[in-house]
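Work through the exercises below on the structure shown. Try each task before you read its solution.

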Amino acid sequence: MRPIRKPAFSEWAAYVFSLAVMAICNIIALLFLYHLAITNILMIYLIGILAVVSRTGYGPSVLACVVGVLSFDFFIVPPRLDFTPGHYQYVITLVVVLLFTLSLSRMTARIRAEAQASRRREAQTAALFELSRRLAAEAEKDPDFNGAVALIGDIFECHSVLLVPGPDGSLGPRAGTQGPSPWNDLKKEAAQAAFQKGDMVDLGTPDFPGTGCLFVPLLAPEGPMGVLGLQPRAGTLGPSPDQRHFLQALANLIGAIQQKARLEEENRKNRLKAEAEMVRNALLSSVSHDLRTPLAVITGSASSLLDPGSRLSDASRRELLQDILGESDRLNRFVGNLLEMTRLDSGEMLLKKELQPLEEVLGPALGRLEGKLQGRSLVTDLPPTLPMVPMDGLLMEQVFVNLIENALKYTPAGSPIRIGARVQGDHLELEVSDQGPGLAAGDEEKVFEKFYRGRAGSQKEGVGLGLAICRGVVEAHGGRIGAGNRPEGGARFYFTLPLAERALTLERKR
């Protein structure tokens with residue numbers, strides 16, 4: 001990013017340049033005094049005046065016009081070395097030349113000012129765009145503002161540092177460089193004053209004696225978010241007075257992004273707090289119903305078996321033992337789901353991928369659900385030849401168990417369940433579908449959220465973690481999972497698993 005251009009000459013240097021050019025014109029005119037006509041010598045002064053007009057501002061140009069005309073009158077127009085022209089025609093010539101050069105100077109100065117303003121606006125627009133682009137890129141992650149602060153330093157040819165308040169309210173550097181001079185108490189005091197007052201502070205004022213530093217507050221709707229410190233680099237002057245409004249606009253842009261980042265962090269913490277509250281409420285609800293119910297059944301059945309006065313038949317005893325076993329298994333699944341979800345949220349789940357055929361995972365899953373599948377028609381649609389899939393067998397077995405249990409829970413007794421698989425490019429797509437009532441509109445994504453149990457979920461057992469665990473396991477394998485309704489009725493849950501680059505194939509016998 002190019003720095004904003006400064007004038008070619010400082011104010012005093014422009015006047016010196018104007019006088020020097022007129023002095024050179026006098027020397028050249030005197031050298032050709034006896035070789036050229038007066039009108040031709042006048043052109044020498046006009047060329048010199050044009051040179052000054054093209055390189056300086058209005059004041060030095062006016063000085064060149066006046067000095068040039070007077071020099072031409074004094075050194076060239078007869079009688080020489082006298083300001084009184086010898087003929088009235090010379091008076092007319094001098095007046096016309098003076099008016100012409102003054103008008104030219106005024107017009108050129110106006111055109112130059114408009115061109116400089118246009119270049120300045122163009123440079124400021126480009127700087128704002130570049131700063132906005134860098135800030136937008138940093139806003140996607142935790143913004144450190146190093147790129148933005150460095151850009152401002154390049155624009156104004158300064159060492160730049162971003163100072164933000166700490167927990168105790170004192171300012172400290174967050175990005176940029178503090179410049180070659182030490183970060184002393186005077187600078188800290190000046191930066192703190194800029195932050196508290198919300199206005200620029202210069203080192204060089206009666207309140208802050210010194211030179212070379214400017215502190216700009218980062219103004220945002222909530223108030224100052226920090227301070228931008230600038231120290232001119234060697235051989236530069238830093239921001240000029242007419243550039244300070246633009247500098248304040250750049251600082252305010254950083255302040256707005258910083259406030260946005262802080263608000264997003266606060267919102268994130270609030271969301272986490274709300275989620276934690278939701279988890280706590282869900283766990284309390286689960287403990288009060290889904291976990292206490294199997295415990296009550298187990299306790300009641302065990303008490304009946306242990307009661308010495310009870311006269312139970314062998315069939316009744318067997319039924320009570322089956323109730324204890326079934327409720328224990330149910331309780332174990334609930335606790336297991338909670339622990340599995342905890343592992344997923346904490347990132348402690350480690351995959352043990354191995355190339356293995358699909359039926360070696362699907363078979364044990366169906367075996368675990370053999371009792372629940374009694375009276376159900378299970379249809380498997382697996383091609384004769386499928387590639388072996390790199391996956392963690394135990395985790396994928398749990399995915400099938402959760403999807404099939406979900407179908408069993410939300411479909412009428414006796415309705416069929418279908419399991420299918422097919423290769424799609426470099427992925428294996430698997431599906432578990434049913435012929436139940438299907439998903440309610442808008443639940444296609446929500447069913448994979450933790451503790452969401454659908455619109456009819458309150459009437460079913462469970463804590464709403466099974467499908468959330470399925471999503472976590474599938475995404476950990478690099479796949480994706482989704483849900484929808486079948487055109488002919490019922491719900492379908494599908495997920496994909498990436499295949500190995502050189503997958504082995506296994507011929508299956510029908």
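**Exercise 1. Give the strand order of the five-stranded open sheet and find its edges.**

Solution. Start with the order: S7-S10-S11-S13-S12, with mixed pairing. Strands are DSSP E runs of at least two residues, helices are H or I runs of at least four, and both are numbered from the N terminus. Two strands pair if DSSP finds at least two bridges between them. Next, the edges: S7 (378-381) and S12 each have a single partner strand, so one side of each lacks a neighbour in the sheet. The twist averages 15° from one strand to the next.

This is a predicted model: local features need pLDDT of at least 70, side-chain atom pairs count only at pLDDT 80 or more, and totals for chains, interfaces and linings use all residues. Residues are numbered from 1 along each chain as its sequence is written, and side-chain values use heavy atoms, without hydrogens or water.

**Exercise 2. Describe the pairing of S10 and S11.**

Solution. The sense is antiparallel, over eight bridges.

**Exercise 3. Which residues does Phe400 contact, leaving aside its neighbours within four places in sequence?**

Solution. Contact means heavy atoms within 4.5 Å. The partners are Leu358, Val361, Leu362, Ala365, Ile419, Leu430 and Phe495.

Terms used. Axes are lines fitted to C-alpha atoms, for helices over the stretch in contact, and angles run from 0 to 180 degrees between N-to-C directions.
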